[in-house]
Structure formats: C-alpha cells, structure tokens
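Take a walk through this model, one region at a time. Keep the viewer open as you read.

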Amino acid sequence: MADPRIIDLRSDTVTLPSDAMRRAIAEAPVGDDVFGEDPSVLRLEAMAAERTGKEAAVFVASGTMSNLVAIMSHCDRGDEAIAGSEAHILHYEVAGAAAVAGVQLRAATNDARGRFDIDEVAALVRGQNVHFPRTALLCLENTQNRCGGAVIPVEHVEDLAALAHAHGVRVHIDGARIFNAAVAAGMPVADLAASADSIGFCLSKGLGAPVGSVLCGPAAFIARARKMRKMLGGGMRQAGIIAAAGVYALDHMVDRLADDHDNAQALARGLAELPMIDLDPASVETNIVIFRVRGDWLDFARGLKESGVLASVYGERTLRMVTHYGIGRADVDEALARVRHAAAALA
Ligand SMILES: Cc1ncc(COP(=O)(O)O)c(C=O)c1O
C-alpha cells in the first residue's frame, strides 16, 4: 500500500482535541463543580442554555448519561416513554431506561428519514386504564443516527411536540448531533429545539471535545437532573478541565461542521458510482453515510479494513462511514481510491 495512513471513518467520536483546544483545557479556571464553584462548567452550562434556548443546563459525562438523566427527570418509575424504532436510546444505551430509570420504552416506527407517523404516535399514547402505564415522555433524535444522519425538520418536531403536549406528554430531544442538524438546516439550535421540553447534545462527536454532553431544559427540570446525575455518580469535581474543551468547541467548532457535510457528500457520490454499492447521495444530509453492499459484502468489508479504511458494520450488508474533524477532502479521495481497489479485487 503506497499510503498506509489509517482513514478512520467509524465515527465522529474518534476526533482528537486540537492544540488550541488542549491549551484551553490547560488554562481552564476550575473549582468544585458539585459545590457549583467551577467557573468553566458554569460558563459551559450558560452557553449551552443560551444556544438551545432553554432556561438552564447541566454538564454530564456522555450522551448516554444525558438521555438517562433526562428520562429519570421527566418520568417516574413505572412510566412509559415512546422512542423511535431506530433511536439510539432504544438500541445502544444498554436498556438503561428499563434497568436504571424503571421506565418502559415503546417504539414508534421511524421511516427511512427518521420521521414518525403522527397517527401512530397518537395511537401509542396511553389512555386512562388501570392496566396501563402512564405515557410520560416522547423521545426524538436529531440528527437521526441510524437513519443516515437525517435532519428532522423543525415542522415535524413541532407537530410531534404539539401532539405530545396535548396529552400531557413531555418531549426530549436526543440532540447528540443537533449542531449538525442546525448547520444543515441553516437554523439556530434554539429554533430546532423550541417546542421540546429538553434537549441534550454531545461535545465529543463532531464538535471534537474529548468528553461530555450537556442536558438543557427548564430550571426546575435541570435542578432535578442535577440530583439524578449525582445519583448516577456523575457529580464531577474540577470538571472545568473537560468543560473548557466544550466551551472551546461551542466557540470554534460549530461552523466547520459544514466541511464534514461537504466531505460526506463527496464520499457518498464516490461510493454511489460503484455497482456493488447501493446508496443515494441525496439521502446524505449531514456527516453520516450509510450504504448497503451487494455481492460479497464480508470480503469487501475485510478488504476495506486491510487497506486502512475503517467503517462500522451497521448490520447485514450495511456499512456506516462518518466524516469528522480528523478527515479532510484528501482523506475522502484516498478512502475512495481504496474502496475502488477493494471492490475491484472482488470483481
Ligand atoms: C444519537 C446518539 N445519541 C446518544 C449517543 C450516546 O453518546 P455517548 O457515546 O457520549 O454516550 C450517541 C453516540 O453515538 C448517538 O449517536
């Protein structure tokens, strides 16, 4: 192989902090955050609340913790929460809603673009009956990871929130990649999240920070969330060391997500040219490219890995590639050259 570089397209979680972000970490003013005395955490939480248009925010360790704390803060034990059939909460969070929060998840079908059928969601909201759990929460995901990073349009979020609120059901957005959605939609996060009660977003994905997510919502909800975070062992002390990376990320890493989206588009167009790949580049709206492989897909996946192009296997015949801060256009071109080579080796 002429160019042995690893091109890691498994996820935007593999991003490494830049030198400038590392300097921000090194210089962060810190204090004991459980006492509410860490200036960097307080700054990050204020920025997050402002960006999402919510009253308050709490810094948590991960996107998974953000979702679990949100579920624990919105629901009582024995309640039910509706989540998309493709939701991260349903597939990849170790059933924390059930195991830790005591909340039953009920799936509403996500279509290929991550959207819901409003009538189906309406039918899933429980009525009054002694046998039923209370439907307490509707969880949305924007962008929708398993639906190829699809942006959920603000009108759809508003329609779902109106339905939920009419039944006394709260709405949480898993906004792990909400800044990707905002950049792609050309709309502030606060607008995308306005009709939801709470939203969490990740700093450690496309925004390039090493750790952390922020959960945002009304002040009383965040006060409860702070207790739930503590209960889960998530009360961190001089957490400004990591929050400073988040402050830097919100200041410097949001607008550049457009480059990741352009690179994902270039990647998708190149992949779609190959007969063994089933992909419509128009379906790629942000930084996630999910495609199906015709023919000998396991050998194809093995060939890719051996060539130093890392992708995630997303299911039978299905691979995912994600562009991020560590991937430039030259990496996309090189990855495509290696993909063509792997495909030709099988032909
Ligand atoms: C949509 C979505 N929500 C939540 C998470 C969980 O984030 P974390 O890995 O920080 O727990 C992820 C992670 O990939 C995600 O894609």
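Predicted model: local features only at pLDDT ≥ 70, side-chain atom pairs only at ≥ 80, totals over all residues.

Begin at the ligand. Its surroundings are made up of Ser62, Gly63, Thr64, Asn67, His88, Glu93, Glu141, Asn145, Asp174, Ala176, Arg177 and Lys205. By class, this shell holds 1 nonpolar, 6 polar and 5 charged residues. Helix 3, spanning residues 63-74, is the element that gives the most to the shell, with 3 residues.

Now look at individual atom pairs. Gly63 takes part through its backbone: an N or O atom there lies 2.8 Å from an oxygen atom of the ligand. Asn145 uses its side chain instead, with a polar atom 3.0 Å from a ligand oxygen. Asp174 also uses a polar side-chain atom, here 2.6 Å from a nitrogen atom of the ligand. How much of the ligand does the protein bury? Taken alone, the ligand exposes 390 Å², and the protein buries 83% of that.

Is Asp32 buried or exposed? Its relative accessibility is 14%, so Asp32 counts as buried, since the cut-off for buried is under 20%. Setting aside residues up to four places away in sequence, Asp32 touches Glu37, Asp38, Arg237 and Gln238. With Arg237 there is also a polar contact, side chain to side chain, at 3.2 Å.

Strand 10 (residues 288-293) and strand 13 (residues 318-322) run antiparallel and are joined by 5 bridges. To find one of these positions on screen, pick Ile290: its bridge partner in strand 13 is Arg320.

Finish at Gln128. It belongs to the loop between helix 6 (118-124) and strand 5 (135-141). Here the relative accessibility is 84%, so Gln128 counts as exposed; the cut-off for exposed is over 50%.

Definitions and conventions
Residues numbered from 1 in each chain as written. Heavy atoms only, no water. Near = heavy atom within 4 Å. Polar contact = N/O pair within 3.5 Å; in protein donor to acceptor, adjacent residues only side chain to side chain. Areas by Shrake-Rupley, 256 points an atom, 1.4 Å probe, with all protein chains shown as cover. Helix = DSSP H or I, 4+ residues; strand = E, 2+ residues; numbered from the N terminus. Nonpolar A, V, L, I, M, F, W, Y, C, P; charged D, E, K, R; others polar. Buried < 20%, exposed > 50% of the residue type's maximum accessible area, 1.4 Å probe, protein only. Contact = heavy atoms within 4.5 Å. Pairing = 2+ DSSP bridges.
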